Amino acid sequence: MTTTKGNLFLRQDTLFGACQGLADDFGISALWLRIPLAATILYSPEIAFGTYAFLCALVLVTRKVWPVKSVAVETPATAVEAAPVLSADNEQRELAQAA
């Protein structure tokens, strides 16, 4: 089974995918990038939107130069089934039947 990450720019859960793309590249949560960006919007919207536009361009270039490869994930063919666990009542019944 193979899994692929969809196009960041066309996904429904991101605006342009800059924070998510950088978070994927660095292996962190996108929330750690979105919170400072939101705080910057309150301070200076021009700086925030300029920074976001730069990050979008950076993610676009890095995705074109170094595309994200799909990762093959192998799953086991069969699941191991556990033996049934006897409750205390069942154990007492079995002991009484054996005696």
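Helices here are DSSP runs of H or I with at least four residues, and strands are runs of E with at least two, both numbered from the N terminus. With that in place, reading along the sequence gives the pattern β-α-α-α-β-α. The total is four helices and two strands. Please keep in mind that this is a predicted model.

Next, the chain overall. The protein has 99 residues, and buried ones make up 19% of them. The protein exposes about 8,300 Å², with carbon and sulfur atoms supplying 64% of that area. As for contacts with a separation of 6 or more, 56% are accounted for by residues 24 or more positions apart.

Now the inside. Which residues form the largest nonpolar core? There are nine: A18, C19, L22, L37, A48, Y52, L55, C56 and V59. Two elements, α1 (18-26) and α3 (45-65), are the ones giving two or more residues to this core. The most comes from α3, which gives five residues. Take A18 as one example from the core. Leaving aside residues up to four places away in sequence, A18 touches Y52, L55, C56 and V59.

Where is W32 found? W32 sits in helix α2, which covers residues 31-43. Is W32 buried or exposed? Its relative accessibility is 65%, so W32 counts as exposed, the cut-off for exposed being over 50%. W32 and C19 are 13 residues apart along the chain, and their C-alpha atoms are separated by 8.7 Å. C19, for its part, belongs to the largest nonpolar core.

Key
Residues numbered from 1 in each chain as written. Predicted model: local features only at pLDDT ≥ 70, side-chain atom pairs only at ≥ 80, totals over all residues. Heavy atoms only, no water. Buried < 20%, exposed > 50% of the residue type's maximum accessible area, 1.4 Å probe, protein only. Core = buried A, V, L, I, M, F, W, Y, C linked by side-chain atoms within 4.5 Å. Contact = heavy atoms within 4.5 Å. Areas by Shrake-Rupley, 256 points an atom, 1.4 Å probe, with all protein chains shown as cover.
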